[in-house]
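The following report concerns a single protein model.

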Amino acid sequence: MERKGRPGAQIPLLRQKSPLSGWAQFGIRVGLLFALLSFIIAVHWIERDAFVDNVDGQLSFADVIYFTMISATTTGYGDIVPVTERARLFDALVVTPARIFFILILAGTAYTFVIKRTWDTFLMRRLQRTLTGHIVVAGFGTSGGEAVDELIARGEDPRKIVVIDQNPESIAKAERMGCIVLQADATRDETMEAVRLRQASTMIISAGRDDTSILICLTARHLCPKLHISLAVRAEDNEFPARAAGATTVINPTSFAGLLLAGSAHGAGIADYMADLASATGRVRLHEREIEAFEVGKSLAEAAIGLGVRILRDGNAIGFWEEGARELRAGDRIIEIIPGHAFPACKTG
């Protein structure tokens, strides 16, 4: 039976670092101020016959600028006054509200807590409605943080990575990297709804505790039965429960470190090559993709861009030396080793 979120629970709001620097935001504020002043000056100049100059009776362009600035920033001195009904309505309905707007723009604190926050909330709510094809990372500790670093190094747009964590320091670090962040409990349904998990392309779970990671996986899997979920566990005994919870891929960092250590015992080159394959900065890369239509019927060696090493077919892994590798079928995925410099051109599937 599908679990429901807490009655009346409000969906948490995502956060993302503004792409604009402080100076850029200040420039926008000044630009808005001058644009609004220019509009008011233009209207006053067009309607100059609707004003009376009590000093010399002549209303020059300089007088219009003077009157606009005084009216927009103070209550006026009475030396130039609107005399027609249309001019008075314009000053009452446009210039007076603009005066308040000027104060909000120029007052940094008011801008930050009123205008900017309102605008950022609007942008995040719009993002929350349209976010799709993204990667959700639950847990931004050592493993999760390194996973995000590697994803960005491999060419993923940080604006398509959503990080969930309850630690404010971890959230701040992920936000500085350009990721979308949410400080919340990843075991809650409303948290998964907030990050639009149903529209995500994949999920990475590394909560630091195996029991928490498995619970997050259970929450995610009951909402998204077909989502690809990669989960990191520390204890070997928890690999089976993690798979039972619905993890597509279970990774044990300790076991992987053991493989590297064992490989190094038979030669430093083996461990170096394994690390090379796993890193975005390596000379060679492992690349997984679904085969193209024109590759159906070819052998693994003929279809691979680099060196084909494995076929993934109907949940089974077929090695390059096995009989099934002689003929590819529609829907097959292949794993190949390619040069690192060729990877951007091969990023398919």
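## Terms and basis

Two strands are taken to pair if DSSP finds at least two bridges between them. Helices (H or I, at least four residues) and strands (E, at least two) are DSSP runs, numbered from the N terminus.

The model is predicted: local features need pLDDT of at least 70, side-chain atom pairs count only at pLDDT 80 or more, and totals for chains, interfaces and linings use all residues. Residues are numbered from 1 along each chain as its sequence is written, and side-chain values use heavy atoms, with hydrogens and water left out.

## The four-stranded sheet

An open sheet is built from four strands in the order S10-S13-S11-S12, with antiparallel pairing. Its edges are strand S10 (284-290) and strand S12 (316-319), each of which pairs on one side only. On average, neighbouring strands of this sheet are turned by 25° against each other, direction ignored; axes are lines fitted to C-alpha atoms, for helices over the stretch in contact, and angles run from 0 to 180 degrees between N-to-C directions.

Strand S11 (residues 307-313) is joined to strand S13 (residues 333-339) by five bridges in the antiparallel sense, and Arg 310 stands opposite Ile 335 in S13. S11 is also joined to S12, again antiparallel, by four bridges; here Ile 311 faces Ile 318 in S12. The hairpin of S11 and S12 has two residues between the strands, and in it Asp 314 takes a positive phi near 55°.

## Helix H11 and Asp 276

Helix H11 (residues 268-278) lies across S10 and S13 and runs at about 45° to S10. Asp 276 belongs to helix H11. With neighbours within four places in sequence set aside, Asp 276 is in contact (heavy atoms within 4.5 Å) with Gly 282, Arg 283 and Val 284. The C-alpha atoms of Asp 276 and Gly 340 are separated by 9.4 Å, and the two residues are 64 residues apart along the chain.

## A parallel crossover unit

Strand S5 (residues 161-165) and strand S6 (residues 180-183) pair in the parallel sense over four bridges. Within this pair, Ile 164 stands opposite Leu 182 in S6. Together with helix H6 (residues 168-176), S5 and S6 make a right-handed β-α-β unit; right-handed means that, with the strands pointing away from the viewer, the path from the first strand over the helix to the second runs clockwise.

A cavity is a set of points, on a 1 Å grid over the protein atoms alone, where a 1.4 Å probe fits but cannot get out; lining residues have an atom within 4 Å of a point. Grid points are joined across faces, edges and corners, and a volume is the space filled by probe spheres set on the points. The count is one cavity of 30 Å³ or more, and the largest cavity holds about 30 Å³ of space.

Its lining consists of His 44, Phe 51, Leu 59, Asp 63, Val 64, Phe 67 and Ile 80. Helix H2 (residues 61-73) gives the most to this lining, with three residues.

Note on methods. 1 Å grid on protein atoms, 1.4 Å probe; cavity = no way out; pocket = protein on both sides within 12 Å on 5 of 7 lines; lining within 4 Å.
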